[in-house]
Amino acid sequence: MASEEELFASVDALLEEEPQLPPPAERARLREAAGITQARLAVALKTSTQTVKNYENGRSEPKSPRLEAYQRLLNGWAAKHPVSSAPVVAPALPGVPQPAPAALDGPPAAAEAALPDAPAAVRQPPAPVARPASHRPVRRTPAEPAGDPRFPHGPLAVLDGDGSAYGVNGIVLECPATTVPELVAWTLRESGLGAAKLHRNGKDADPLVALTASAAVKLGLPERLEGHEQRRSLRLPGDHPVVKQIARAKWQLTQRGFGPWARIYRKASGNQRQCVQLALLSWDALDDRSWPGVAEMEPAEVARVLGVYAQRVITPRGSTAVSGLELMTALRPPTRAVQDRATGNWVSGHNPGSLGTEPMDPAPPEATAEHPVVVDSGWTGGFLDEEAYQWVRSVDLLTDEECLLPHAVGLDLNTAFLAAAARLTVGLSAPDHFHAPAFNPKIPGSWLVDLSHVELDPRLPSPFTPSGARPTGPAWYQTHTVAYAQELGHNVRPLEGFLRRESGAYLDPWHDRLRNAYVDTLADLGVTRELDDAAFLAAMERHKQADPALAAVLAAVKATVKGGIGKLRERPQGRHYKEGDRWPALERPTWRPDIRAAVISKARVNMHRKLLNMSRMTGLFPLAVLSDCVVYPSPGPGPLDFLPYAASGKPQPGGFRLGPTPGLAKLEGVQEMAWAVDLMERGFNPARHIKGGDAVLDEGE
């Protein structure tokens, strides 16, 4: 028999253990019985409403001293509102099998299924009631099997100030880290975060942890960084305590330092990478132009947005532009394992079809004016001007019939640059210089050609210049622009050329992955390829309201396309740059202005081909074009009033067609024709403003 002293010691040990809370469902019942909202309870516990929701759906547990305060409150409510013995059945959920009625004093799952707010519980299984004795992470709410057993918790997590790390598919992990080095160590050793490589010759994606404002403060970081003229210059000073902590722990930062997107790493040991990407939400890591509304979302919803993007595109490594460029390399790795014939050993070798590992200088006409190849050579022979359209038809060329039409309708091409990247042949080797070469549309490069003799209808923009003005003499053009002149029946005789002997469809896998991401996300928002044109237009009107989180993913996909293409010719940044100096972007193999020119040239040619076909099929001519948006005069308030259709009701091939895939069109906006004419007379481009309508215009547009 145990002595009285031993029994009392055992009882005291129990009393000293951490308080045990009732099951999550019971916590919600007690709060509702007391008539207290989750928001009001959050104020009392000095936490967020989302955290209270997590307590009540089993995603996370409170820690001291909040744990004791929460238990005291629940005990008080339990005394006032005891459990009824009568079972309560949850309201039926459409399409979800309903559990049989269960007694409320049964196991937690049964009790939760019987509560009035059971819909959320049905979607998310409850967590174990007891708090784990270990500080290791716990997978609270596994929603579906992990895709890669090495990364059971997905590619990323969003960490809040309470130590809850919200992952994909509703997973919530407990992160005990209180410093940045501890967070990095936890992420690499315990979190189970990461993603498999996108290509067999590539590398696994580094885990991403996004920090909320409260998490940043908890880790010793400022809630916001201010006082800089440009967002890209935001970073912690080198003497900041957190930067010193990182150095003392033998971790390193990249040359960009600790900014909104911070990479913390150690040199790889063997094949094991040691790198974590941090994104600070309160430092504007998620730019609202690319991620609309995401910065204001709750952590779980931010994790959902980033998780869908990571699954369909890539785990973010910076801005959407940076991610777009990283995706190119991830899908076309520069190296692969090859066997040395002499030794039989496997070594790193060039991966065919990629851009390689070394940067490549462009031809002088493909470079920018400040580039060393231009400054050092004294080049004065002109440059490529392959840019998107910014054209407005002269008001003198408007007819009375057009001016009397009631509406101006704007059409926007879905991800026009992405459509242009499909099956696009680009140069893979350095340019060679030729004099008077015979034109070959299959050879990528830059050609000096005189296209000023090409006569086209003045009611259409010229396909050869971004301004739409007719060329006045010889100029440099990318292969697609010259090929289109030939397609229109005109003789082309290049005077000079910088051409590439090796070529390939480098952007094909990039196009395919982003195209699928775009189409699949639109389909999730209710815009599918099966819809007829009228139903498509109706679905597009409401798709952003269907699911704001997925709408943000769609915006990020589009920004990834444009930003990735733009990064191919990143200009020097900073006030201290001097013309002729190299800048960091030039050290990337992906600094390829010729590839950017090829994409834009093909996109502009595609646009002109549609404009020309429309004029032939319908007799309609555009009022203005801005990049991938075109404005037409229309007898009715929508595209169906002027787009060409066959007698069968199918769209005529060759012109603008409505639909959800890249290269097809959607409605951009509708205004009165008088509005458009007024803007044209004042020198403004209606295509820029047709979506916003009544926005005040400045003279210096």
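Q: Hi! Is Thr 415 buried or exposed, and why?
A: Hello! This is a predicted model, and in it Thr 415 counts as buried because its relative accessibility is 10%.

Q: Where does Thr 415 lie?
A: Thr 415 sits in the loop that links strand 11 to helix 15.

Q: And what is phi of Thr 415?
A: Phi of Thr 415 is near 35°, which is a positive value in a residue other than glycine. For background, most residues other than glycine have a negative phi.

Q: Which loop is Ala 436 found in, and what is its phi?
A: Ala 436 also has a positive phi, near 50°. Its loop runs between strand 13 (432-435) and strand 14.

Q: Is Ala 436 buried or exposed?
A: Ala 436 counts as exposed, because its relative accessibility is 56%.

Q: OK, let me step back. How many helices and strands are there in the protein chain?
A: The protein chain has 22 helices and 20 strands.

Q: How many residues, and what share of them count as buried?
A: There are 701 residues in the protein chain, and 50% of them count as buried.

Q: What share of the contacts comes from residues 24 or more positions apart?
A: If you take the contacts with a separation of 6 or more, 69% of them are between residues 24 or more positions apart.

Q: Now the inside. How many residues has the largest nonpolar core?
A: The largest nonpolar core has 88 residues, and Leu 507, Trp 510 and Phe 656 have the most contacts inside it. Helix 20 gives the most to this core, with 10 residues.

Q: What is Leu 507 in contact with?
A: Apart from neighbours within four places in sequence, Leu 507 is in contact with Met 328, Ala 421, Leu 424, Ile 595 and Val 599. There is also a second, separate core of 32 residues, and Ala 157, Ile 171, Ala 177 and Ala 215 are among them.

Q: You mentioned helix 20. Where does Arg 596 lie, and is it buried or exposed?
A: Arg 596 lies in helix 20. Arg 596 is buried, because its relative accessible area is 12% and the cut-off for buried is under 20%.

Q: What does Arg 596 touch?
A: Not counting residues up to four places away in sequence, Arg 596 touches Glu 386, Glu 387, Ile 565, Gly 566, Leu 568 and Arg 569.

Q: Changing topic: what volume has the second largest pocket?
A: Its volume is about 1100 Å³. The pocket is lined by 40 residues, and the closest to its centre are Asp 412, Lys 558, Lys 562, Glu 668 and Lys 691.

Q: How do the residues of that lining divide?
A: The lining of the second largest pocket has 20 nonpolar, seven polar and 13 charged residues.

Q: Which helix gives the most to the lining?
A: Helix 19 does, with nine residues. Several elements each supply at least two residues, including strand 11 (407-413), helix 15 (416-421), helix 20 (593-618) and strand 20 (665-672).

Q: Let's look at Glu 370. Where is it found?
A: Glu 370 is in the loop between strand 9 (346-350) and helix 13 (372-375). Glu 370 counts as buried because its relative accessibility is 11%.

Q: What does the side chain of Glu 370 make a polar contact with?
A: With the side chain of Arg 571, at 2.8 Å. Glu 370 is also in contact with Pro 572, Tyr 577 and Trp 583, among others.

Q: How many residues apart in sequence are Glu 370 and Glu 579?
A: They are 209 residues apart in sequence, while their C-alpha atoms are 4.8 Å apart in space.

Q: Which loop is Pro 359 found in, and what does it touch?
A: Pro 359 is found in the loop between strand 9 and helix 13. Leaving out residues up to four places away in sequence, Pro 359 touches Leu 586, Glu 587, Arg 588 and Pro 589.

Q: Last one: which residues are buried in helix 16?
A: In helix 16 (residues 479-487), Thr 479, Thr 481, Val 482, Tyr 484 and Ala 485 are buried. What covers them includes strand 14 (445-450), strand 15 (474-478) and helix 20.

Key
Residues numbered from 1 in each chain as written. Predicted model: local features only at pLDDT ≥ 70, side-chain atom pairs only at ≥ 80, totals over all residues. Heavy atoms only, no water. 1 Å grid on protein atoms, 1.4 Å probe; cavity = no way out; pocket = protein on both sides within 12 Å on 5 of 7 lines; lining within 4 Å. Points joined across faces, edges and corners; volume = space filled by probe spheres on them. Helix = DSSP H or I, 4+ residues; strand = E, 2+ residues; numbered from the N terminus. Nonpolar A, V, L, I, M, F, W, Y, C, P; charged D, E, K, R; others polar. Buried < 20%, exposed > 50% of the residue type's maximum accessible area, 1.4 Å probe, protein only. Contact = heavy atoms within 4.5 Å. Polar contact = N/O pair within 3.5 Å; in protein donor to acceptor, adjacent residues only side chain to side chain. Core = buried A, V, L, I, M, F, W, Y, C linked by side-chain atoms within 4.5 Å.
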